[in-house]
Amino acid sequence: MTKKTQTTDGAAGRVTVLGLGDMGSAIARTFVEHGFDTTVWNRTASKSAPLVEAGATAAETAAEAVAASPLVVICLLDGTAVDEVLAAVEGAIAGKVLVNVTSGSPAQARACERWANERGAQYIDGKVMGDPPDVGKPHVMFPFSGARAAYEAHEPVLKVLGGIAYHGEDAGAAAVEFMAQVAMGFELLIGFLHTLKLVRAEGVDVTEFTDRLAGTLTAYPPLLTSMAEAVKSGEYGPDLGSLDVQAALMDDLIGHRESLGVETVRMREVKRLMTRRIADGHGDQGFSSLFELLGK
């Protein structure tokens with residue numbers, strides 16, 4: 001028999017999961033496997049069946065599911081679905097802690113917090129940085145933010161989901177972390193794919209190139225740290241060499257790509273920013289100083 005996880009008051013933990021898509025089901029199953037008394041609800045009731053077989057309890061309505069537990073985890077498709085479900089449980093949430101791990105913006109998180117607080121509930125926003133099969137493993141990151149006392153009280157429950165981290169009382173902070181991390185991944189990976197197109201067009205084996213690239217990427221963490229420190233302080237040293245020197249590479253990089261039919265949008269943006277920064281009298285500074293031109 002699975003051992004019941006104990007909360008701070010000594011009672012077996014009770015948790016409700018609203019939404020049983022792939023991620024919601026993985027979250028609910030993880031709670032069940034760790035011995036929590038887990039109540040589940042989904043608009044399509046048949047999705048509850050595998051979880052009931054595993055040991056969960058299915059509620060007929062979302063409001064009934066909310067009433068069953070002090071902690072309610074919401075995992076739905078999008079913000080519109082969250083709004084619809086919250087409207088359906090409005091009369092049942094007083095005194096509850098809502099943990100919303102649905103993908104969404106910082107503004108949506110803050111709006112949900114206001115809605116919950118106005119109805120006597122505490123709100124924690126969370127995001128999932130991983131795939132459903134990996135929920136419950138340490139490498140899956142769950143950033144959380146919002147009501148500190150509620151987070152601390154229910155941390156023993158939340159920590160079974162993966163590597164959790166609290167980002168502060170601003171309910172939008174977890175979404176900031178999530179969106180920044182995901183955006184950085186997409187920026188890196190689309191650049192990588194364009195680079196592979198260039199490498200392959202020159203007849204170079206893409207897997208051999210990637211093996212070599214992996215070795216050079218180890219130099220990036222300290223560089224990123226130094227660039228972030230420069231942005232924070234506003235003091236820009238020549239991190240990759242001065243812009244005056246770096247700018248001399250840009251025409252070659254752009255011309256090489258154009259000759260092979262590889263897109264040049266990012267390289268042209270870098271050249272444009274470097275040219276502006278140099279024209280402003282900052283050619284002795286490094287790449288990090290381009291930050292000052294972003295958004296203008």
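The model is predicted, and local features need pLDDT of at least 70, side-chain atom pairs count only at pLDDT 80 or more, and totals for chains, interfaces and linings use all residues. Residues are numbered from 1 along each chain as its sequence is written, and side-chain values use heavy atoms, with hydrogens and water left out.

With a relative accessible area of 4%, S288 is buried (buried means under 20% relative accessible area, exposed over 50%, and partly exposed in between, with a 1.4 Å probe and protein chains only). Its side chain is joined to that of D239 by a polar contact of 2.6 Å, a polar contact being a pair of N or O atoms within 3.5 Å, of which, within protein, one must be able to donate a hydrogen and the other to accept it, while residues adjacent in sequence count only if both atoms are side-chain atoms. Leaving aside residues up to four places away in sequence, S288 touches M227, A230, V231, Y236 and D239, where contact means heavy atoms within 4.5 Å.

## Salt bridges

The structure holds 11 salt bridges, each defined as a side-chain nitrogen of Lys or Arg within 4 Å of a carboxyl oxygen of Asp or Glu. Among them is the pair R148 and E169, whose closest N and O atoms are 3.4 Å apart. This pair links distant parts of the chain, 21 residues apart, with R148 in helix α6 (residues 148–158) and E169 in the loop between β8 (163–166) and α7 (173–201). R148 is partly exposed, at a relative accessible area of 38%.

Another salt bridge joins D125 to K127, with the closest N and O atoms 2.5 Å apart, and both D125 and K127 are buried. In the bridge between R266 and E263 the corresponding distance is 2.9 Å; R266 is partly exposed at 30% relative accessible area, whereas E263 is buried at 19%. A network of salt bridges links E90, E118 and R119.

## The chain as a whole

The chain has 12 helices and eight strands, and its C-alpha atoms fill a box of roughly 65 × 40 × 30 Å along the principal axes. Buried residues make up 41% of the 296 residues. Of the contacts with a separation of 6 or more, 60% are between residues 24 or more positions apart.

Definitions and conventions: Helix = DSSP H or I, 4+ residues; strand = E, 2+ residues; numbered from the N terminus.
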